[in-house]
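Student: Please walk me through the pockets and charged side chains of a model. Give me the general idea each time, then the case.

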Amino acid sequence: MKQKIINKVPHAIYILNDNNQIVKSFPKSSGMVRIEEHSTDIGHICNVPISSTVWGKVDELPASVRGIYYIVSQLVKNALPERPDLLVPREIVRDTEGNILGCKRLDLGNFNIY
């Protein structure tokens with residue numbers, strides 16, 4: 001079966017080898033996945049405004065299809081724990097100034113490759 005990975009975050013994803021060289025890249029695609037956000041101001045702590053956020057519906061994520069995987073944010077992955085097709089970047093590599101260069105792998109969570 002042919003497998004495909006589609007990037008649904010707003011920037012390219014680079015997979016790096018042990019020498020931090022790019023071995024695979026996933027350009028950003030059209031249609032970023034978003035989660036509705038509902039925030040309410042609930043007061044102050046030490047004169048700092050504090051809010052409470054409830055996350056809602058996930059938008060722009062296609063239905064799950066066997067063999068197709070989507071790179072999403074950890075927030076999206078957490079909101080949809082039942083989805084076996086969501087990948088998130090893991091082992092982020094940064095340069096000396098803290099800029100992200102890429103990651104070593106993509107994480108599927110508690111699922112097996114299908």
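**Charges and pockets**

Tutor: Begin with one lysine. Not counting residues up to four places away in sequence, K8 touches S29, S30, G31, M32, V33, E60, P62, Y70, I71 and V72. Contact here means heavy atoms within 4.5 Å. This is a predicted model: local features need pLDDT of at least 70, side-chain atom pairs count only at pLDDT 80 or more, and totals for chains, interfaces and linings use all residues. Residues are numbered from 1 along each chain as its sequence is written, and side-chain values use heavy atoms, with hydrogens and water left out.

Student: Where does K8 lie?

Tutor: K8 sits in the loop between β1 (4-7) and β2. Helices (H or I, at least four residues) and strands (E, at least two) are DSSP runs, numbered from the N terminus.

Student: Which side chain of opposite charge is nearest to K8?

Tutor: First, the general idea. Side chains of opposite charge can pair when their charged atoms come close. A salt bridge needs a side-chain nitrogen of Lys or Arg within 4 Å of a carboxyl oxygen of Asp or Glu. Lys and Arg count as positive, Asp and Glu as negative; His and the chain ends are not counted. For K8 the nearest is E60, 5.6 Å away. K8 has no salt bridge, yet is buried. Buried means under 20% relative accessible area, exposed over 50%, partly exposed in between (1.4 Å probe, protein chains only).

Student: And K77: buried or exposed?

Tutor: K77 is buried, again without a salt bridge. The nearest side chain of opposite charge is D107, 6.0 Å away. K77 belongs to helix α1. Leaving aside neighbours within four places in sequence, K77 is in contact with V72, R83, L86, V88, D107, L108, G109 and F111.

Student: How many salt bridges does a search of the whole structure find?

Tutor: Three. One joins R105 and E91, with the closest N and O atoms 2.4 Å apart. That pair links distant parts of the chain: R105 is in strand β8, E91 in strand β7, 14 residues apart. R105 counts as partly exposed because its relative accessibility is 44%. E91 is partly exposed too, at 44%.

Student: Which residue pairs with R83?

Tutor: D85, with the closest N and O atoms 2.7 Å apart. Both R83 and D85 are buried. In another bridge, the side chains of D59 and K57 meet at 3.5 Å, N to O. D59 is partly exposed, with a relative accessible area of 25%. K57 counts as exposed, at 51% relative accessibility.

Student: Now the pockets. What volume does the largest pocket have?

Tutor: About 230 Å³. On a 1 Å grid over the protein atoms alone, a pocket is an open set of points where a 1.4 Å probe fits, with protein on both sides within 12 Å along at least five of seven lines; lining residues have an atom within 4 Å of a point. Grid points are joined across faces, edges and corners, and a volume is the space filled by probe spheres set on the points.

Student: Which residues lie nearest the centre of the largest pocket?

Tutor: H11, I13, P89, I92 and I100, out of 14 lining residues. β2 (13-16), β7 (86-94) and β8 (100-107) each give two or more residues to this lining. The largest share, four residues, comes from β8.

Student: What volume does the second largest pocket have?

Tutor: About 160 Å³. Its lining includes K8, along with W55 and L75. β4 (34-45) and α1 (74-79) are the elements that give two or more residues to that lining.
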